[in-house]
Structure formats: C-alpha cells, structure tokens
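User: I'm new to this one. Can you walk me through it?

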Amino acid sequence: MTSLQDGPTTPTLAPPSPARGSRPLIALVGPPNAGKSTLFNRLTGLRQKVANYPGVTVERRVGEARLRTGGRVDIVDLPGIYGLSAGSLDERIARDAITGTLPGLAKPDAIVLILDATQLSRHLVLASSVLELLDVPALVVLNMADELERGRGGVDTAALEERLEVPVTLASAQRNEGLEPLQVFLECVAAGQGVRIPGSRAPETRVRRLPVIQSAPERRAWAHDVGDGARYRAPATSPWTARLDGLLLHPVLGPLAFLAMVVLVFQSIFTLATPLMDGVEAVIAGSGEWIAAMLPDTWVRELLIDGIWLGVGSVLVFLPQILILFLFIGLLEDSGYMARAALMADRFMRRIGLQGKSFLPLMSSYACAVPSILAARTIDNERDRLATIFVAPFMTCSARLPIYALLIAAFIPEQPLLGPLLGTRAATLLGLYALGLGAAILTAWLLKSTVLKGSTSEFALELPPYRIPTLRSLAVRLMDRSKVFLKRAGTIILGTSIVLWTLTRIPPLPLGGPPPLDESALGQVGHLVEPLVEPLGFDWKVAVGIVSSLAAREVIVGTLGTLYGVEDATEESLQLQAALQRDLTLGGAVALLIFYVFALQCMSTVAVMRRETGGWKWPLVQWTYMLLLAWVGAFVAYRLL
C-alpha cells in the first residue's frame with residue numbers, strides 16, 4: 001500500500017507539444033470539509049479574487065497558480081458538494097462548470113478532485129458522479145493523508161487508480177506534504193502535455209469507461225465495492241474526538257461551552273483590539289498631518305483632510321476589531337467545531353420551524369449578511385431557505401461594530417462584572433447581539449407559522465474530525481477579509497465621504513467659504529428628516545448619519561465626525577464622545593443602538609436578496625418590516641430611559 005512518506009510515483013512529462021494560446025483552467029472539485037479551500041489557498045496564495053457566477057449571486061474564487069517551470073494556470077474553486085444531482089444551486093453550478101455549460105466560465109482543461117482520505121468510503125460517491133462526466137485529464141487527491149496514517153488507516157492507491165481510471169495521490173494540503181504529483185500534473189496541463197505516471201494503470205487522458213450509475217443507493221454500493229477493492233481501512237477514531245464530542249454536544253454542557261466562547265469573543269473585541277486600534281489611529285493621524293503640511297490651504301486640502309481622511313480614516317480604525325471577530329470565526333470553522341454547533345443548534349431551530357442547515361448561514365451573518373444569504377442556497381427546502389434569508393440581516397454583522405463601539409465607549413463606563421472575564425462594555429455588546437438574535441428567532445417563528453408554513457426537511461451533516469487550524473489558513477482568511485473591508489472603504493465609504501463634504505459646502509457664501517453647517521445642503525437634508533426621528537431622541541445630525549448609512553452602516557461614524565468637525569472620529573475619540581454626550585441623552589444613545597440592531601441599513605444586502613428571491617417582493621417586505629421594528633424599538637427604549 002502507498003503511504004504518504006513514500007508517495008506515489010511522481011508523474012513525468014510527456015514529449016513537449018506546442019504552447020497553448022491562453023492559460024489553462026483547472027477546476028477544484030470536492031465535498032465540504034475535505035480541505036479543498038486549504039489546497040486552493042496553498043496553490044494560489046494571495047493571487048486570488050472573488051466574483052459571482054454570471055446570472056447568480058453564488059460567489060466563485062479564482063486564483064493564479066505560478067508553477068516551477070515558469071508557467072501559470074488559473075484555478076477555480078467550485079462550491080463544496082456531496083453529489084451532482086442538481087438538487088441545490090451549488091450542485092447545479094458544479095455540474096455545469098465541469099461539463100462546460102456554465103455561462104461565463106470556460107470549460108476546465110483539467111479537474112482536480114479532492115477527497116478526504118479519512119472519509120473515503122463516503123466521498124467516493126461524489127467521485128462516481130464526477131468521473132463519469134469527464135473527458136479531460138483528472139487527478140484525484142486523497143487529502144488528510146497524515147490523519148489517515150496517524151489513525152493506522154490505509155489505501156492501495158494503485159488498486160484505486162485501476163478502478164477510477166485516473167491518477168491518485170495521497171497528500172496533506174495542511175502540512176504541504178505529498179503535493180509534488182499535483183505540481184507536476186499542473187505543469188503538464190500548462191504545457192499542453194499528457195500526464196504519464198510510470199507503472200500506473202490510469203490512462204493518460206480521461207476515457208469514460210465507468211458505468212453510468214442511475215440512483216444514489218447504486219452509487220453507495222459502487223463506492224463500497226471500490227473501497228474494498230482498494231483495501232481501504234478507515235482510521236481509528238481518536239479518543240479525544242469522543243471526549244470532546246461528549247462535552248461539546250452535551251445537551252447542557254454544550255450550550256454552556258458555546259456561550260463561554262461567545263463571551264470570550266466579545267471581551268476580546270474590546271480588550272485585544274484596543275492597542276491595535278491605537279496604532280492604526282496613530283498612523284492615520286500622523287499621515288493626515290503630513291499630507292496637510294505638504295498642501296496649500298485650499299479647498300483641495302479641505303477635501304482630502306476634512307472629507308476623505310476624516311470619513312475613511314474614521315472607519316479604517318475599526319479594522320482590528322473586525323479582524324478579531326473573523327479570527328475567532330475562522331478558528332471555530334477550521335477546528336471542526338462549527339459543524340458540531342450546527343448539529344447542536346438543530347435541536348432548537350426545529351422548534352422555530354428552521355433546521356440545522358440554517359445555522360451555518362446565520363452564523364456567517366456575524367461577518368456579513370451578504371455571504372450568509374448566498375450560503376442559504378445549500379438549503380433544499382425553499383420555505384426554509386426564504387425564512388433563513390429573511391432573518392439573516394438581524395444577526396449583528398461586522399459593519400455594526402464601529403457604531404456599537406463608538407456609542408458604548410461614549411455612554412457606558414467600563415466596570416468589571418465577572419472580574420477580568422467580562423466588563424460592562426463587553427456585556428452591553430453581547431446584549432446587542434442577543435437582541436438581534438432574539439428578533440431573528442421571533443421573526444423566523446412568525447414566518448414559519450404563517451406565510452412560510454410547511455414541514456421542515458431532515459438535516460444530515462458530516463462531522464469533520466477535530467483539527468488544529470494552521471497559521472497560513474488563518475492568515476489568508478484575514479488577508480482576504482482585509483481586502484474586502486479596504487475595498488469597501490475605498491469605494492462606498494470614500495464616495496459617501498466626498499458627497500457629504502461637498503454638501504457641507506453648498507450653497508457657498510457670497511464672499512466665499514462654506515455656509516454654516518445647519519444651513520448647508522447637508523444640514524437641510526437633516527432638518528427635512530428630523531421630524532421622523534425626533535420622537536426617538538435624535539437631532540438633525542443623527543438624521544443625516546442615518547440617511548448616509550443606507551449605503552453602509554459604518555458610514556455614520558465618519559458622517560458624525562464630519563458634522564462635528566472631529567479629526568479622529570473613532571471610539572477612543574474624546575472629542576466625538578463629548579459631542580455625542582452633548583447632543584444625545586442616555587436614552588437617545590440606547591435608542592440609536594437599538595435602531596441599528598434592527599434596521600436594514602445596507603443596500604448591498606437588499607440587492608442580493610432581490611437576486612436570490614427573483615424579485616422585489618421579499619426585499620421590500622424585509623426592509624419595511626425591519627425599519628418599522630427599528631423605529632418602534634428605538635421609540636420604546638427612548639421613552640423608558
């Protein structure tokens with residue numbers, strides 16, 4: 001049998017052939033939790049981009065792999081799937097991409113099929129679906145080979161090649177081991193050459209001789225027979241897995257452990273992020289002063305400093321808090337805990353009419369509602385999918401963090417509640433997250449009891465083994481999220497800041513210079529909206545902030561900084577805190593927090609929901625419902641306090 005240390009025979013290059021006219025496209029196919037994204041990040045590094053498939057809002061990741069021979073190939077990371085029955089949007093996209101019928105995406109020149117070597121008996125079911133469609137070169141990568149060997153499992157790769165009729169290699173993407181055959185495979189494809197593996201029974205180019213299997217039960221029987229023929233032995237289950245599952249899946253201890261992790265996350269957002277935010281703030285302030293000293297005192301300088309630097313910089317300073325949130329989410333996902341949390345949540349979610357499949361999209365909403373709405377496409381039951389999409393924006397996304405942090409720092413004094421483990425500010429933040437979660441639960445129950453009433457489908461989930469997340473995987477994830485955040489700051493927030501600054505200069509005074517702020521065009525907009533928010537304890541300045549944050553929630557921080565003339569509009573800014581304390585009472589501040597808990601202040605989310613639901617009906621109902629709930633909730637909070 002082949003082991004990871006020995007490795008299969010390395011593919012060799014066939015005689016050269018003429019160079020191709022364009023870079024080949026390699027498709028990565030595999031089930032969830034098989035390490036496909038880890039391998040994609042290993043091959044492409046930071047040379048990757050995220051876009052949507054044409055006609056749908058499903059994200060696709062495409063990256064460039066630079067080869068040792070100097071060649072390059074494009075790699076597309078297809079959605080993780082368990083089959084190609086086209087029962088979900090993910091499966092339809094993967095099937096169309098493999099067969100070359102997906103609009104906007106060329107037919108792949110080769111396929112790399114990634115399977116989990118520790119779950120081979122189940123993952124061979126997907127292999128049967130993929131391989132029977134192929135007429136291009138393919139390579140099967142049995143990932144997690146280190147875990148297979150550590151658990152004293154094994155597989156005869158030569159026998160498996162004979163049955164699958166494609167080359168097979170054992171590898172560990174996480175440890176960067178056993179990837180030499182994959183590198184050579186990519187080099188062969190880039191050069192337009194066939195792949196020859198000495199001693200292998202696999203043909204150089206995929207020739208479909210496998211029988212076409214019609215039913216799922218037949219595929220499972222076929223996978224079982226292939227595994228037996230390859231003398232596959234699954235690894236022994238680690239005793240730590242049973243012990244951890246006994247704790248984390250316990251009906252009482254499991255939820256308590258989850259709550260403890262949540263408290264740790266929120267306390268870290270305030271404690272660990274503070275020195276990092278101070279550093280970012282110092283860089284922004286110092287660079288702003290340097291640029292101001294280099295420019296003459298003209299409107300250009302005012303635009304750059306008072307408009308752009310004030311608006312964009314005030315949001316950039318919150319990047320450390322957002323990245324800490326993403327770091328913890330990445331740790332939970334890569335360790336294998338998130339799947340277990342979904343299984344544990346299924347017990348509760350069925351009581352409100354949803355299922356465990358809704359848990360993962362809703363959890364991803366804590367980062368951003370847009371990808372969570374996209375992730376709901378894995379839910380086969382259409383009623384459950386619509387309900388999940390509808391309640392996803394109630395989960396507190398990272399764009400709300402700058403608003404929460406600013407108001408909490410201004411109005412909530414920091415005092416210990418559970419010693420160093422939990423302070424009043426972290427508890428307030430946790431309460432806001434819990435309020436959004438409660439609204440999501442209530443809304444889901446209302447929907448599933450009325451307009452979306454129907455039976456909830458069964459929930460089945462494959463639990464991955466516990467793994468230690470790698471620094472590389474976490475670093476790539478954080479770099480990717482940083483690029484998304486910076487792109488948002490450089491487009492939406494930048495554009496909004498320029499528009500706001502321009503409106504403060506209109507109409508110009510007869511002798512030149514900007515008008516008084518409350519008499520400017522921006523001030524007039526605020527006074528026009530003020531009657532609608534005055535019952536909530538807000539003045540015209542907050543009204544302007546609410547209107548401007550329709551583009552992106554976090555814009556309100558920069559808007560308030562512009563309106564109050566504060567150069568360092570951050571949560572640590574004593575100037576901005578003092579200005580807010582003058583214009584807002586405690587009741588008004590709490591009302592503003594609750595308003596942003598409920599209000600759908602994100603046009604990107606509305607646009608994605610329109611595309612996912614196929615029209616404006618659901619987005620308009622959702623936006624109106626959340627706005628009314630936000631107004632009523634803020635009104636009640638202001639009156640009570």
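Analyst: Let's start with a term: a contact means heavy atoms within 4.5 Å. Among contacts in the protein chain between residues at least 6 apart in sequence, 74% join residues at least 24 apart. This is a predicted model, where local features need pLDDT of at least 70 and side-chain atom pairs count only at pLDDT 80 or more, while totals for chains, interfaces and linings use all residues. Residues are numbered from 1 along each chain as its sequence is written, and side-chain values use heavy atoms, with hydrogens and water left out.

User: What does the protein chain average in pLDDT?

Analyst: The average is 79, and 85% of the residues score at least 70. pLDDT is the predictor's confidence in each residue, from 0 to 100.

User: Where does pLDDT stay under 50?

Analyst: One stretch is residues 5-21, with 38 contacts beyond four places in sequence in the model. Another is residues 51-57, with 29 such contacts. Where pLDDT is low, the predicted coordinates should not be read in detail.

User: How many helices and strands are there?

Analyst: The protein chain has 26 helices and 9 strands. Both are DSSP runs numbered from the N terminus: helices are H or I with at least four residues, strands are E with at least two.

User: How much of the protein chain is buried?

Analyst: Buried residues make up 55% of the 641 residues. Buried means under 20% relative accessible area, exposed over 50%, and partly exposed in between (1.4 Å probe, protein chains only).

User: And what is the accessible surface?

Analyst: About 27,300 Å², with 62% belonging to carbon and sulfur atoms. Areas come from the Shrake-Rupley method with a 1.4 Å probe; for residues, only the protein chains shown count as cover.

User: Which residues make the nonpolar surface patch?

Analyst: Trp631, Val632, Val636, Leu640 and Leu641 make a patch of about 500 Å². Patches take residues with over 30% relative accessible area and no salt bridge; like charges are joined within 9 Å, and nonpolar side chains (Val, Leu, Ile, Met, Phe, Trp, Tyr) within 5 Å.

User: Is Leu641 buried or exposed?

Analyst: Leu641 counts as exposed because its relative accessible area is 58%. Leu641 sits in the segment after helix 26 (617-640).

User: What does Trp631 touch?

Analyst: Leaving out residues up to four places away in sequence, Trp631 touches Leu532, Pro535, Leu536 and Phe595. Trp631 lies in helix 26. Its relative accessible area is 32%, so Trp631 is partly exposed.

User: Switching topic. How many salt bridges does the structure hold?

Analyst: There are 12. A salt bridge is a side-chain nitrogen of Lys or Arg within 4 Å of a carboxyl oxygen of Asp or Glu. Asp74 forms one with Arg23, and their closest N and O atoms are 3.1 Å apart. That pair links distant parts of the chain, 51 residues apart: Asp74 is in strand 5 (residues 72-77), and Arg23 is in the loop between strand 1 (12-13) and strand 2 (25-29).

User: What about Arg68?

Analyst: Arg68 forms a salt bridge with Glu180, with the closest N and O atoms 2.8 Å apart. Arg68 is in the loop between strand 4 (59-66) and strand 5, and Glu180 is in helix 6 (residues 180-190), so the pair ties together parts 112 residues apart in sequence.

User: Where do Arg175 and Glu177 come in?

Analyst: Their side chains meet in a salt bridge, 3.3 Å from N to O. Elsewhere, salt bridges that share partners join Arg23, Glu64, Arg66, Arg72 and Asp74 into one network.

User: How many disulfides?

Analyst: The structure holds 0 disulfides. A disulfide is a pair of cysteine sulfur atoms within 2.5 Å. Cys188 is at 0% relative accessibility, so Cys188 counts as buried. Cys602 is buried too, at 5%.

User: Which peptide bond is cis?

Analyst: The bond from Ile506 to Pro507 is cis, with omega near -5°. Pro507 is in the loop between helix 19 (471-504) and helix 20 (521-533).

User: What is phi for Met144?

Analyst: Phi is positive, about 65°, although Met144 is not a glycine. Met144 sits in the loop between strand 7 (138-143) and helix 4 (145-150). Met144 counts as buried because its relative accessibility is 8%.
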